[in-house]
There are 2 protein chains.
Amino acid sequence: MTQLESARAGVVTPEMARMAEKEGMDPEIIREGMARGVIVIPRNRQRAEVEPVGIGKGLRTKVNASIGTSPECPEPAGEMEKLAVAVAAGADTIMDLSTGGDIDGMRTATLGGTVLPIGSVPVYQAAIESIERYGSVVDMTGEDMFKAIEKHAVDGIDFMAVHCAINHDVVERLKNQGRVTDIVSRGGAFLTGWMLHNQKENPLYEQFDRLLEIALRYDVTLSVGDAIRPGCIADSLDRAQVQGLVLVGELVQRALDAGVQVMVEGPGHVPADQIPATILLQKQLCHQVPYFVLGNLVTDIAPGYDHITSAIGGTMASMAGADFICYVTPAEHLRLPTAADVHEGVIAARIAAHAGDLVKKVKGAWEWDLSMSRARKALDWEKQISLAIDPARAARYRAERNRAGSEACSMCGDYCAMKVVGQYLGAAGGSC
Amino acid sequence: MTQLESARAGVVTPEMARMAEKEGMDPEIIREGMARGVIVIPRNRQRAEVEPVGIGKGLRTKVNASIGTSPECPEPAGEMEKLAVAVAAGADTIMDLSTGGDIDGMRTATLGGTVLPIGSVPVYQAAIESIERYGSVVDMTGEDMFKAIEKHAVDGIDFMAVHCAINHDVVERLKNQGRVTDIVSRGGAFLTGWMLHNQKENPLYEQFDRLLEIALRYDVTLSVGDAIRPGCIADSLDRAQVQGLVLVGELVQRALDAGVQVMVEGPGHVPADQIPATILLQKQLCHQVPYFVLGNLVTDIAPGYDHITSAIGGTMASMAGADFICYVTPAEHLRLPTAADVHEGVIAARIAAHAGDLVKKVKGAWEWDLSMSRARKALDWEKQISLAIDPARAARYRAERNRAGSEACSMCGDYCAMKVVGQYLGAAGGSC
């Protein structure tokens, strides 16, 4: 049985119990949420040990970091360093999006390198091997796609982005819409190119039941890919996107009916005021299953700072109900990220997730800020640093440009409001 | 006549005309907005040359960068470097918050170092000189405060934060509220300490008319300081804050009646879902005058990343109607910022301002993103870099980890969606 089927059968699995404990929640509430499909625990039964990470309603908003080899950087060593950096920075899941060198080897290394849930996009590998084998992505067969998916499942991949929700109906609407950036999903681009060249329907859409069988067998959580997500502010919430989302909703229903754990991927570039509607629409059309957003990026004009444009939109998405945020690094739109970029990306996404959790009143979120504020008021630097989202950075900044042992920080020095007011207003509130 | 009085008299001043041109707006609309008090142009008539920067309704959201000497770093050289960095990064105004060394000399240097509008907080200097002269901030006289204000006005300061909106009524409500962080405004802390020790009313509140006379004489824009702003998420929108805001509203009305340009300063730490109400309340209570926010910071737990927590809240504030954003650097809560921190802070605040401007449909905002997206679709790297909010950083990232002359970037390399789709979907939209 999948985690979803167990939940429906009334069984609290060890994964549900352990995850409930971590979240400080009643296991029965977790089970009930899983039975309804509003919570998933990505956990391939092939993997010996996977940290049970819950994604969905009422839970702490989770953060994914993507790594992977590429033709430019085919060596796994650099990617394994990024994996370690992402885990240390507090990522909840890792996606291995390798497209270069020994893709199978890299996947095995990633799966062996952490107990966090691991995601992948099998169609990348299928497309790349098709280019190597036949010289072109359009010569890939449906069989190639499913073989890649099955291989990833057998290897133990816990969740998979699958670009099923694009068919000729959607492509037609993309064409007649006249988008600025057409398609920016790599998987979406491969499949659209394939469909247009071959004048055939998307095999992942047409043979969705075959996909469901594989997912069911290994309890792979499907992440129904946002093949048609807008790639810029101007394209947001257009007819192509909404048509794609309608299709996603139909596929989600089939996955839930089959007992397959499923979530939905979302944009991408969204003007800030369209974020609440974007989240609401997904939740409404897709049976309230967990929503995995990339960003949202609230402007196109800040390459080099897209961890910030994404943290802005990520907060608003999380507030509005997004459950899972894919990090975006400062390198987005410009080049492959370095390990330092990975660190910045994970922390920025965690800030967004947490700022949203404060609004969603997720258990423990409010208390974290309160503890920090009390430590701040008390000028308790050790505690402020230990409570910081990135204690090492806070400690480093604190050590710089401050006199050793100074009570306040050099920002205000002797004129620190905490110190000044403490003398005259000692009894009013804080512990100073 | 002040700019406000001119506007009311039906006169479009050269400052209004030039500012309207920069914003791409009808000068008459600017004049009308200034007459109603919903737009200000901070411009002390003592200064020979000041770039006319408009702040308020319908205009591009502006960004302030604060610099200044301190007892820890009393040398002006480092601060002048920060001034240059802030201007280069695109700050619209500068505040000189010096508290160390030759405070008068630093102010003169700042005023001479840029044509941007310059703001200050005269009570800092009054308090510090009081400590030097009498040994304590509480022995400062009302006369000392007004002398500092007049000196800054004579020197040419264009806008001043003045902590008038705190009186015993507000302090009493602060006490009975029982806040976590009491007061975090330095000026607010000085004045509260002074009021409690001397058992007297705040001179800046009691003699507000005297302040208005000075402002009128030099056309100094008053920034009615948020002496009682909450210093943490838990204290947001409490009785003390709202009581302070009621007082601000009364003082704003008196300033407008006197023909004095005025804006209002706001928080600070605000949970994301409270930002729209925070902005709306200020606008309603304070006659819709421009709102100058610090942040808003949407969580307390990210010291070292408060440029990001502020960019999140700054976007939401800008969307909701905030007109002017004070930058927050990554060093906030930990130490004095470096020049590099100043750069990060200005860019993060500009991203927030712009993401809000996209929503407010400020002239030119949407077009900027559209141009970038078209350049991105066309893989036109030169144009993408020139359109980036920080072209130098975009160029540096582009130069790293990419093969020289490569058409795509190394993020996707040959599997770039723009390239793949371009082959099969050339006619659909973009220029690829």
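This is a predicted model: local features need pLDDT of at least 70, side-chain atom pairs count only at pLDDT 80 or more; totals for chains, interfaces and linings use all residues.
Residues are numbered from 1 along each chain as its sequence is written, chains are lettered from A and ligands numbered from 1 in the order in which they are written, and side-chain values use heavy atoms, with hydrogens and water left out.

**Stop one: the interface**

Colour chains A and B separately. Here 105 residues of chain A are in contact with 104 residues of chain B (contact means heavy atoms within 4.5 Å). Together the two chains bury about 9,100 Å², with 69% of it on carbon and sulfur atoms; buried area is the accessible area (1.4 Å probe) that two parts lose on being put together, summed over both. Now select Ile301(A), Tyr305(A) and Tyr415(A): they supply 10% of the area that chain A buries against chain B, more than any other three residues.

Next, pick Arg335(A) and Glu400(B). They form a salt bridge, with the closest N and O atoms 2.9 Å apart (the rule asks for a side-chain nitrogen of Lys or Arg within 4 Å of a carboxyl oxygen of Asp or Glu). The rule finds four salt bridges across this interface. Then show helix α15 (residues 339-360) of chain A, which gives the largest share of the side that touches chain B, 10 residues (helices are DSSP runs of H or I, at least four residues; strands are runs of E, at least two).

**Stop two: a covered strand**

Move to strand β8 (residues 262-266) of chain B, where five of five residues are buried, meaning under 20% relative accessible area with a 1.4 Å probe, protein chains only. Val262(B), Val264(B) and Gly266(B) point one way, and Met263(B) and Glu265(B) the other. In a regular strand the side chains alternate between the two faces of the sheet. Leu222(B) stands opposite Val262(B).

**Stop three: Ser236(A)**

Finally, select Ser236(A), in the loop between β7 (221-224) and α12 (239-258) of chain A. Ser236(A) counts as buried because its relative accessibility is 9%. Among the residues Ser236(A) touches are Pro230(A), His269(A) and Gln274(A). The side chains of Ser236(A) and Gln274(A) are joined by a polar contact of 2.7 Å (a pair of N or O atoms within 3.5 Å; within protein, one must be able to donate a hydrogen and the other to accept it, and residues adjacent in sequence count only if both atoms are side-chain atoms).

Technical notes
Buried means under 20% relative accessible area, exposed over 50%, partly exposed in between (1.4 Å probe, protein chains only). Two strands pair if DSSP finds at least two bridges between them. Lists of a residue's contacts leave out its neighbours within four places in sequence.
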